[in-house]
Amino acid sequence: MDSDSFILFQPDTPHSYMQFELPFVNDWFHCRGEELRGLLAELNFPLDTPIPAVDPMLISRSIMELHRVQKQGGHLRDQILDTDIRALLMKLSNLHELSQHPERPGRYIRQFSELRDELYNSPQSHVTVEMLADRVHLSKSYFQHLYKDIFGCSVVTDMINGRLELAKYLLKNSALSVSAIAASCGYEHETHFMRQFKKFVGLTPSQFKSRV
């Protein structure tokens, strides 16, 4: 099986594997459920077949989160695991479908997914659309077109959402001032932050904080 691939084995499928080259990373999990087979059939998901992983880190992150939830326990653990597994399978199916259609920008999905992860993981970074387009060696206009085609929203929308998600977290979980939060989220001007927050969240930062 090629590197950066994954496979969904059915419960009764015999299988064995070994490493031929280093480094070797093998993420895995087992799951069973009455509704699982129906979900996979609905998704038309290939079984017992190696599939190129368009976004390998999505799989690694998701499996790490599944293990974390499993160890954490709690009365909602099983429901959370069920929801997360469903979400992972749907994401994998969606990425696989996108990569199979020649009219869709399948060869860019991994690069674009990595860029999108960066927007949400480091929303305070001062990046522009031009800088992101240069990263994948595309013109600004074509980059924006492909981004929206892949994710269903504009890159600017994701930039804003990433910043505002961080802002909401800081408003809920820190004693920082609105001005400090604005700066931490990559805004050069507090006024711009407040206007954008009100437009997309429907509340001012102070109103949002008071409702927490």
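I take buried to mean under 20% relative accessible area, exposed over 50%, and partly exposed in between, with a 1.4 Å probe and protein chains only. By that scale I noted Asp-48 as partly exposed, because its relative accessibility is 27%.

**Ground rules**

I am working on a predicted model, in which local features need pLDDT of at least 70, side-chain atom pairs count only at pLDDT 80 or more, and totals for chains, interfaces and linings use all residues. Residues are numbered from 1 along each chain as its sequence is written, and side-chain values use heavy atoms, with hydrogens and water left out.

**Entry 1: the whole chain**

I looked up the secondary structure first, taking helices (H or I, at least four residues) and strands (E, at least two) as DSSP runs numbered from the N terminus. The protein chain has ten helices and two strands. Read from the N terminus, the order is β-α-β-α-α-α-α-α-α-α-α-α.

I then took the extent along the principal axes: the C-alpha atoms fill a box of roughly 60 × 50 × 35 Å. Of the 212 residues, 33% are buried. For accessible areas I use the Shrake-Rupley method with a 1.4 Å probe; for residues, only the protein chains shown count as cover. The chain exposes about 14,100 Å², and carbon and sulfur atoms supply 52% of that area.

For contacts I require heavy atoms within 4.5 Å. Among contacts with a separation of 6 or more, 64% are between residues 24 or more positions apart.

For charges I count Lys and Arg as positive and Asp and Glu as negative, leaving out His and the chain ends. Each charge is placed at NZ of Lys, CZ of Arg, CG of Asp or CD of Glu. I get 23 positive and 26 negative side chains, with the centres of the two sets 9 Å apart.

**Entry 2: the annotated span**

An unreviewed UniProt entry gives "domain: HTH araC/xylS-type" for residues 113-211. I keep in mind that such positions are given in the numbering used here, that feature names are shortened, and that annotations may be inferred rather than shown by experiment. In the model, residues 113-211 are 73% helix and 0% strand, and the end C-alpha atoms of the span lie 33 Å apart.

**Entry 3: aromatic rings**

I pair rings of Phe, Tyr and Trp (its six-membered ring) if their centres lie within 6.5 Å; planes under 30 degrees apart count as stacked, over 60 as edge-to-face and the rest as tilted. How many aromatic pairs does this rule give? The count is nine.

I picked out Phe-112 and Tyr-147: their ring centres are 6.1 Å apart and their planes stand at 40 degrees, so I log the pair as tilted. Phe-112 belongs to helix H4 (residues 109-121) and Tyr-147 to helix H6 (residues 140-151), so the pair ties together parts that are 35 residues apart in sequence. Phe-112 is buried at 0% relative accessibility, and Tyr-147 is buried at 0% as well. Ring pairs also join Tyr-108, Phe-112, Phe-143, Tyr-147 and Phe-151 into a cluster.

**Entry 4: positive phi**

I note as background that most residues other than glycine have a negative phi. Asp-48 has a positive value, near 55 degrees. Asp-48 sits in the loop between helix H1 (36-43) and strand E2 (51-52).

His-137 also has a positive phi, about 60 degrees, and is not a glycine. I find His-137 in the loop between helix H5 (129-135) and H6. Is His-137 buried or exposed? It is exposed, because its relative accessible area is 71%.

**Entry 5: single residues**

Tyr-187 lies in the loop between helix H8 (178-184) and H9, and is buried with a relative accessible area of 5%. Which residues does Tyr-187 contact, leaving aside its neighbours within four places in sequence? I list Arg-163, Leu-164, Ala-182, His-192, Phe-193 and Gln-196.

Arg-195 is in helix H9 (residues 190-201) and is exposed at 63% relative accessibility.

Asn-161 is in helix H7 (residues 155-173) and is partly exposed at 26%. Asn-161 and Phe-200 are 39 residues apart along the chain, and their C-alpha atoms are separated by 8.4 Å.

Ser-60 is in helix H2 (residues 56-72) and is buried at 15%.
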